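Reader: I have a structure open and a few things to ask about it. Can we go through it piece by piece?

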Amino acid sequence: MPSRPDGLIRAFGMTGLQIATSMAKVEKRYGIDLGCMPGAPHGRKATEYEQFEASTRAEAARMSEFYEVFYCLENSIRGLVSDILFDAEGVDWWYSDRVDEKRLREPVILRRKKEIDSGITPRSERLIDYTTFGELSQLITDNWDLFDPVFNSKTAVSNVSNQLNLLRGPIAHCNPTDELEQDRLNLAVRSWFRLLS
């Protein structure tokens, strides 16, 4: 278990997500409503949503659960990395020697510039929000002296991060996954939380 208060809060939140996911599986398997998941949204902002095939909409609804897991996981990791580097280097930690110029800082700055130049609203003012899942793992392993008290193994962080990154691909790129890959995702997320000291 994490020893920092923010780590305990994150672990509590992810435990709740895992419980809700398990309850949703029970609801689906037995065709009952335990009231753990909100009902289907009544109105959608995408006006033409109903024009898509019912099977595609059903598959999207099924896959949305896995997207939500990754959304929570990736953003919780961003928060953890940001908090620890902020504590070590201060507000300008992104421009410190803790962030590799060529492998991390330059690609992230280019991604943000591309968004700005395209005329769309930038996703964030924080540059860490432009990092990929792999880059987050790199920030952790590059700064292991800071993350050693948080995680129990540098090698395990790399291995679990690599597995999560592979599982993330189909979900992030709107492809369905089968039941085996969903089980692997659940196991990998559990493994991630077991890495926390």
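Author: Let us start with tyrosine 71, which counts as partly exposed at 48% relative accessibility. Keep in mind that this is a predicted model.

Reader: What about tyrosine 67, how exposed is that one?

Author: Tyrosine 67 is partly exposed, with a relative accessible area of 45%.

Reader: And how far apart are tyrosine 67 and tyrosine 71 along helix H2?

Author: They are 4 residues apart in helix H2, which covers residues 54–89, so about one helical turn separates them.

Reader: Which residue does phenylalanine 70 pair with?

Author: Phenylalanine 70 forms an aromatic pair with phenylalanine 133. The pair is edge-to-face, with 6.0 Å from centre to centre and 75 degrees between the planes.

Reader: How many aromatic pairs does the structure hold?

Author: There are 6 aromatic pairs. One of them brings us back to tyrosine 67 and tyrosine 71: their ring centres are 6.0 Å apart and their planes meet at 45 degrees, so that pair is tilted.

Reader: Which residues form an aromatic cluster?

Author: Trp144, Phe147, Phe151 and Trp192 form one.

Reader: Changing topic. Where does asparagine 143 lie?

Author: Asparagine 143 is in the loop between H4 and helix H5, the latter being 144–147. At 2% relative accessibility, asparagine 143 counts as buried.

Reader: What lies 2.9 Å from a polar atom of its side chain, I mean that of asparagine 143?

Author: The backbone oxygen of leucine 139.

Reader: Now cysteines. How many disulfides does the structure hold?

Author: The count is 0. Cysteine 174 is in no disulfide, and the nearest cysteine sulfur belongs to cysteine 72, 17 Å away.

Reader: Why does 17 Å rule it out for cysteine 174?

Author: A disulfide here needs the two sulfur atoms within 2.5 Å, and the nearest sulfur to that of cysteine 174 is 17 Å away.

Reader: How exposed are cysteine 72 and cysteine 174?

Author: Cysteine 72 is partly exposed, with a relative accessible area of 31%. Cysteine 174 is exposed, at 71%.

Reader: Where is cysteine 174 in the fold?

Author: Cysteine 174 is in the loop between helix H6 (154–172) and helix H7 (179–195). The backbone there has a positive phi of about 60 degrees, although cysteine 174 is not a glycine.

Reader: Next, the surface. Which residues make the nonpolar surface patch?

Author: Ile19, Met23, Val26, Tyr30, Ile32 and Leu34 make a patch of about 530 Å². Tyrosine 30 is in helix H1, residues 5–30, and is exposed, with a relative accessible area of 54%.

Reader: Last one. How far apart are aspartate 83 and glutamate 135?

Author: The C-alpha atoms are 16 Å apart in space, and the residues are 52 apart in sequence. Aspartate 83 is found in helix H2 and counts as partly exposed at 29% relative accessibility.

Methods
Residues are numbered from 1 along each chain as its sequence is written. This is a predicted model: local features need pLDDT of at least 70, side-chain atom pairs count only at pLDDT 80 or more; totals for chains, interfaces and linings use all residues. Side-chain values use heavy atoms; hydrogens and water are left out. Patches are made of residues with over 30% relative accessible area and no salt bridge: like charges are joined within 9 Å, nonpolar side chains (Val, Leu, Ile, Met, Phe, Trp, Tyr) within 5 Å. Accessible areas come from the Shrake-Rupley method with a 1.4 Å probe; for residues, only the protein chains shown count as cover. A salt bridge is a side-chain nitrogen of Lys or Arg within 4 Å of a carboxyl oxygen of Asp or Glu. Helices (H or I, at least four residues) and strands (E, at least two) are DSSP runs, numbered from the N terminus. Buried means under 20% relative accessible area, exposed over 50%, partly exposed in between (1.4 Å probe, protein chains only). Rings of Phe, Tyr and Trp (its six-membered ring) pair if their centres lie within 6.5 Å; planes under 30 degrees apart count as stacked, over 60 as edge-to-face and the rest as tilted. A polar contact is a pair of N or O atoms within 3.5 Å; within protein, one must be able to donate a hydrogen and the other to accept it, and residues adjacent in sequence count only if both atoms are side-chain atoms.
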